[in-house]
Amino acid sequence: MMISETFRSIQGEGKRIGTLTYFIRTVGCNLDCSWCDTQYAMNGGGDVSIEELIDLVRSDDEVCLTGGEPLLHRESAILIEKLTGMGKIVVVETNGSVDLSNMPNNDNVIYSMDIKCPSSHMEDRMMFSNIDLLQAKDQVKFVISDGNDLEYAISVVGRYSPKCEVIFSPVGGMDIEPLAEEIIARRLKVRVLPQLHKLIWGNKKGV
């Protein structure tokens, strides 16, 4: 697999936030979001075998497969199956534009799927049929930049009624307070979460 970087840190996003995690970041993405914070993963990296990746995480309980877009790599399904077969929890971060119907699904894999809002300029690339495939153990995330994004996210949640956790987060670097106040005022049944790793380390890579 073409891998951009691997590192051990804490999970900075979603329902597993704060959990000690080993990150495997693949190279390449089929989207180009306006606020993307991992442009460096679009190219470069190196070829790492599945066996080498397994050796890297052998002592870890939780792994996050991220990108880029990890599901563009056919080896990702094999890696997920092997890691979950070892009893590890695997969080798969996917951008919402890749079909999940043929991906491994068991109690140890958590799909963390983005739905891109208008400020990303990628909202027309979403595969909304994926929402029906998400289970209670999974999560769907919306990165919110402005009021237009918020209205869009609310409309998507209302239309598709995800069975999983719904998470709203501000674009990295933005104040989380206005978003939290909107959620409270509207009594929305979603979770508001920051990007914890950015609060701790800013835009530093490999953390």
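Tutor: Let's start with a definition: patches are made of residues with over 30% relative accessible area and no salt bridge, where like charges are joined within 9 Å and nonpolar side chains (Val, Leu, Ile, Met, Phe, Trp, Tyr) within 5 Å. A salt bridge is a side-chain nitrogen of Lys or Arg within 4 Å of a carboxyl oxygen of Asp or Glu. Accessible areas come from the Shrake-Rupley method with a 1.4 Å probe, and for residues only the protein chains shown count as cover. This is a predicted model, in which local features need pLDDT of at least 70 and side-chain atom pairs count only at pLDDT 80 or more, while totals for chains, interfaces and linings use all residues. Residues are numbered from 1 along each chain as its sequence is written, and side-chain values use heavy atoms, with hydrogens and water left out.

Student: Thanks! What is the area of the nonpolar surface patch made by Leu199, Ile200 and Trp201?

Tutor: Begin with Leu199, which lies in helix α5 (residues 196–201); helices (H or I, at least four residues) and strands (E, at least two) are DSSP runs, numbered from the N terminus. Leu199 counts as exposed at 63% relative accessibility, where exposed means over 50%, buried under 20% and partly exposed in between (1.4 Å probe, protein chains only). Together with Ile200 and Trp201, Leu199 makes a nonpolar surface patch of about 310 Å².

Student: Which residues are linked with Lys141 in a network of salt bridges?

Tutor: Lys141 is in strand β7, and its bridge to Glu13 ties together parts that are 128 residues apart in sequence, because Glu13 sits in the loop between β1 (2–10) and β2 (20–26). The N to O distance in that bridge is 3.1 Å. Lys141 also bridges to Asp114, with the closest N and O atoms 2.9 Å apart. Taken as a network of salt bridges, the residues linked with Lys141 are Glu13, Asp114 and Lys116.

Student: How many residues apart are Glu151 and Arg186?

Tutor: Their side chains meet in a salt bridge of 2.6 Å, N to O. Glu151 counts as partly exposed at 40% relative accessibility, and Arg186 counts as partly exposed at 35%. The pair links helix α3 with helix α4 (residues 177–186), and the two residues are 35 residues apart.

Student: On to the rings: why do Phe128 and Tyr160 count as stacked?

Tutor: Rings of Phe, Tyr and Trp (its six-membered ring) pair if their centres lie within 6.5 Å, and planes under 30 degrees apart count as stacked, over 60 as edge-to-face and the rest as tilted. The centres of the Phe128 and Tyr160 rings are 5.0 Å apart. The pair is stacked because the planes are at 5 degrees.

Student: Which residues is Tyr160 in contact with, leaving aside its neighbours within four places in sequence?

Tutor: Tyr160 is in helix α3 and is partly exposed, with a relative accessible area of 22%. Its C-alpha atom is separated from that of Phe128 by 8.1 Å. Contact means heavy atoms within 4.5 Å, and beyond those sequence neighbours Tyr160 is in contact with Phe128 and Ile131.

Student: Which strand does Phe168 lie in?

Tutor: The rings of Phe142 and Phe168 have centres 5.4 Å apart and planes at 75 degrees, so the pair is edge-to-face. Both Phe142 and Phe168 are buried. Phe142 lies in strand β7, and Phe168 lies in strand β8.

Student: How far apart are the C-alpha atoms of Cys117 and Val143?

Tutor: Cys117 has its place in the loop between β6 (109–114) and β7 (139–144), and at 1% relative accessibility Cys117 counts as buried. Beyond its neighbours within four places in sequence, its contacts include Phe142, Val143 and Ile144. Cys117 and Val143 are 26 residues apart along the chain, yet their C-alpha atoms are separated by 6.9 Å.
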